Amino acid sequence: MRSDLRFAFRQLVKAPGFTIIAIVALALGIATATTNFTFYNALLVRPLPFIADEDRLLNIRTYNLKLPKDDFENSVPDFQDIRRTVTTLDNSLTLWNRTYILAGTERPDRVLGCWITADGFQTLGVRPALGRLFRLDESKPGAEPVALLSHGLWQRAFGGNADIVGQTVKLNNESVTVVGVMPAGFGFPENSQLWQPFPDHEPQQKEDMRGSHGWPVFARMKPGATIQQVQAELDTLAARLERDYPKTNSGMRFRALTVREQATREERLTLQLMLGATLAVLLIACGNVANLLLARAAGRSREIAIRAALGAGRGRIIRQMLTESLMLAAAGGVCGWLLTYWETDFILGFIPVEIPFWIRFEPDWRVFAFAAAATLASSVLFGLFPALQAARTELAVELKDGARGGTGSGRSHRLRSGLVVAQLALTLVLLVVAGLMMRSFLHLQHTRTGFDPRGVFTFRTGIPPTIEKDEQVALRFFETAEQRLREIPGVESAGFLSYLPLSNNTNYGSFVIEGRPEPQPGDRPHALARAASPGVFPTLRIPLLRGRLLDARDRVDAPWVILISDTFAKKIFPNEDPLGRRLSFDHEAEGGKRKWFTIVGLVGDVTQRPTQREREPAVWVSSAQRPDNFMSAVMRVPGDPASYQRAAQDAVLAARADIPIYYAMPMTKVASDAMWSQRFFSGLFTSFAGIALFLAAIGIYGVMACSVSQRTQEIGVRMALGAQPGAVVAMILRQGLRLVGLGLALGFVGAWFAAQLLTTVLYGISPHDPPTFALVPLLLALVALAACYLPSRRATLIDPITALRAE
Amino acid sequence: MSESLIKLDAVTKVFLTDEVETHALSGIHMEITKGEYVSIAGPSGCGKSTLLSILGLLDSPTDGTYLLNGRPVQHLSLPERARIRNREIGFIFQSFNLIGDLTVYENVELPLTYRGMPASERKAAVTEALEKVGMGHRAKHLPSQLSGGQQQRVAVARALAGKPAVLLADEPTGNLDSKNGDSVMTLLAELHKQGATIVMVTHDARFARHAARTIHIFDGRVVQEQVESDPTR
Ligand SMILES: Nc1ncnc2c1ncn2[C@@H]1O[C@H](COP(=O)(O)OP(=O)(O)OP(=O)(O)O)[C@@H](O)[C@H]1O
Ligand SMILES: [Mg+2]
């Protein structure tokens, strides 16, 4: 064995070019696959941190039977019914994300936190790092306000002071006692930094809020219970609620999924596709190394024949060859592993959003095991063919005196050609997938958004209701702030709106039209509802199509007005004039008395979610008539919008010294971040496909170059007989073309089927997008032919005199 | 005297390897007329193969002129040289150099396809050439299925199928036993009788006698020309 190792090492060092190409190909393949497994592992495999027994922790969501795919969060009264009546559930929790303003630090600090059911942490199974969890009585009216801090907030705002437990801090103008600090890295549900018990007396708990959805529900199954049993009980409960509360619950059902399944529902397919794609890259890399080894084995067949003649058994020869491939694989694996760290960091750098606390990308033993397995498996994959081939060497032929190359290696050559065809086919599949994702991304990017993000700066701000109960105070704050923003030198216009276009925030309301029969509660049309100050429309350059925009008249004491979008008009008033008509939102009805908004204008559609496949009806109300606590500012400025951050912050602080701004950035960044996952994944696929293309080009180049050198004598004869240089090039190219053609044909079929898997992740193009399916094979064909052209050029440089000289 | 087919004037060939100059040919003068059978003899390394390569336009001289059919050919382009090799010259090598993946028939056909000859004409020419060397019955065989002597006959057929102006043979019997060697030599003699021009390199004085004229080369120079009394006549 030692001598095998020593010999293998000598062989690898003797041919450094071969060794380097093989190691580079392997390292690329292994690193790409391992990097992707890192992502796959982080989202789909690795146990959720801090959460005990995650398979028993369910996430329950509500959906309407009419649109079973569009599920949404639950209402608090529904949650309480679930908590009370579902016997297969041990315990459950709900939560509500809140923005807190933490006073007492240098500047007012905005902290993202949440209300959570008082015993919620027990349901999750997480323990505090410091202090204690909430007591049940701390959610009762009149209880002393308490909070738990995240480890990060504790470090950042309180310097990690161990005496924090028991101290009071100023949160939203309220003195709150810190009862504990959660462990480092914990941020349930995503990146929460602060938790307070969900108060029992909160209006959301009241029965008349059953129609108000927005409350995530997590529940732990009893030991031994199955998710089917829970689902059956939820179905029974939903049917009962439908009977008891037809107005809010008709057609409503619950769906229970494990937390992981729910959290990764959208990414699962993409991650699986990506892992598949990178395994294909690894296979292509293995194909390359196998090809190199086969080429070398062909050159070494005489050496192997001599070994066999000297009495080496088949097993012995295979072992010798496998030792060599294992050594190569080990070197490739180590380089690949190092590359993985770098590649993972590099790729993470392209994710512009905060990653939820439970996703951890640091490689763990699973990633290591995957890399080791990939290394081992590939060494067997690429090592076995050449080894078996070598062991089958025919002694008589090989040792016969004067035997000339070209005849004995036909089988090896067929195998190598087969590998190249497979590589090309896989590469085409990857290229087509990447091409489709790229086209889809470009389509999204060029889809009209209905507003102009260039030259606009934006940030979010607001006064938490606990600081100011009175909405009019918040309204005055926004009006003052808007005034201050306009006074900043250079600012052309400014306004506040409830949430930005292209942010994934949405607020839908169901409504009725005056003068039309009222549909059943479940059948009511929905529209995206936004509140805006008049300055928003010129700032975002949203076009007025008919009627008028919002203006200074539309104050709280004036008649209530509303703007509708183009799509709203087409869908709701296909054959009528909408101007002057009135509509009323269901959630605005108080005690059976409806509030009516008069339609005064028709504006262009503004895209809210870039991945929305259909344009959706939307309305705009005046923020003076429907004030919000938190709003986003937009301001149109000359030059670089980012340079207005400081001025904007000062303007808001001038309006009110205790209110911070956040999410401050140019609007173009909002727009590009909105498509980050499409850009990210299409970019990733493109880079994998690029690597595959590179490896496949090396592969076909290697095979053709080797074939040319094996055919030196033949080519020399042909040239002596008067073959023109062009004819020699054409002959070699024809040989390459056969491989390329076969690979492309197989790859085309494969890509056709693979594309079908992409249907749900593509926007604006068919999975069988003709330009992609026409141009991508052309690209691959050109690259492959270029790779064949070099060896064919070399063939014409063969000196016939040398080639023909008798050995 | 019949017209001159090949005329070399002060042809030299210098190889440069690793800054060492090898003077393979140093001023060769030589003239070969149509229908002649010339043998070239000399010790190993004296430049015989180099001379033949230059005659066959596989290589070009470092200096001097080479007139083929009265036309200077030493400075032609690669495609031009390929065309002349294809039409005017037939090669016979010591190691046969048949293409292993092609049948006997296809091997012989090869130079004709490079000429763009129509298939029917090719067929006639190949059949005729194979008949001439007595290999007509082996047309479908692969070279590996033939003996050395048979392979060399096929190589001869390939060389003459295109009716070249001259046949160049570099030790055509070098890889053959004496019996096979004899029969290939007899074949060449017959071809000569039918009018072929042949230039042959050989070590073997016995075979050299087949030729009407023997040119002796030593150290890249023609040292002696010897005209045999034709042994076959
Ligand atoms: N490509 C080359 N590069 C350098 N030197 C060469 C080359 N080809 C031939 N020579 C040298 O030129 C000289 C003549 O070689 P050539 O092959 O013509 O000899 P030869 O007479 O055919 O010998 P033999 O009878 O052994 O075949 C030799 O010294 C040889 O080493
Ligand atoms: Mg020689």
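Two worked exercises on contact surfaces in a predicted model follow.

The model is predicted, with local features needing pLDDT of at least 70 and side-chain atom pairs counting only at pLDDT 80 or more, whereas totals for chains, interfaces and linings use all residues. Residues are numbered from 1 along each chain as its sequence is written, chains are lettered from A in the order in which they are written, and side-chain values use heavy atoms, without hydrogens and water.

**Exercise 1.** Describe the interface of chain B and chain A.

Step 1. Begin with contact (heavy atoms within 4.5 Å), to which chain B gives 22 residues and chain A 17 residues.

Step 2. Turn to buried area, the accessible area (1.4 Å probe) that two parts lose on being put together, summed over both; here it is about 1,700 Å², with 61% from carbon and sulfur atoms.

Step 3. On the side of chain B that touches chain A, the residues comprise 12 nonpolar, 5 polar and 5 charged, where Ala, Val, Leu, Ile, Met, Phe, Trp, Tyr, Cys and Pro count as nonpolar, Asp, Glu, Lys and Arg as charged, and the others, Gly among them, as polar.

**Exercise 2.** Describe how domain 2 of chain A meets domain 3 of chain A.

Step 1. Locate domain 2 (274–327 + 371–443 + 677–805) and domain 3 (456–675) of chain A, with bounds from an automatic or database domain assignment; their centres, taken over C-alpha atoms, are 58 Å apart.

Step 2. Count the contacts, which join 9 residues of domain 2 of chain A to 5 residues of domain 3 of chain A.

Step 3. The area buried between these domains of chain A is about 550 Å², 40% of it from carbon and sulfur atoms, and A:Gln678, A:Arg679 and A:Tyr763 supply 70% of what domain 2 of chain A buries there.
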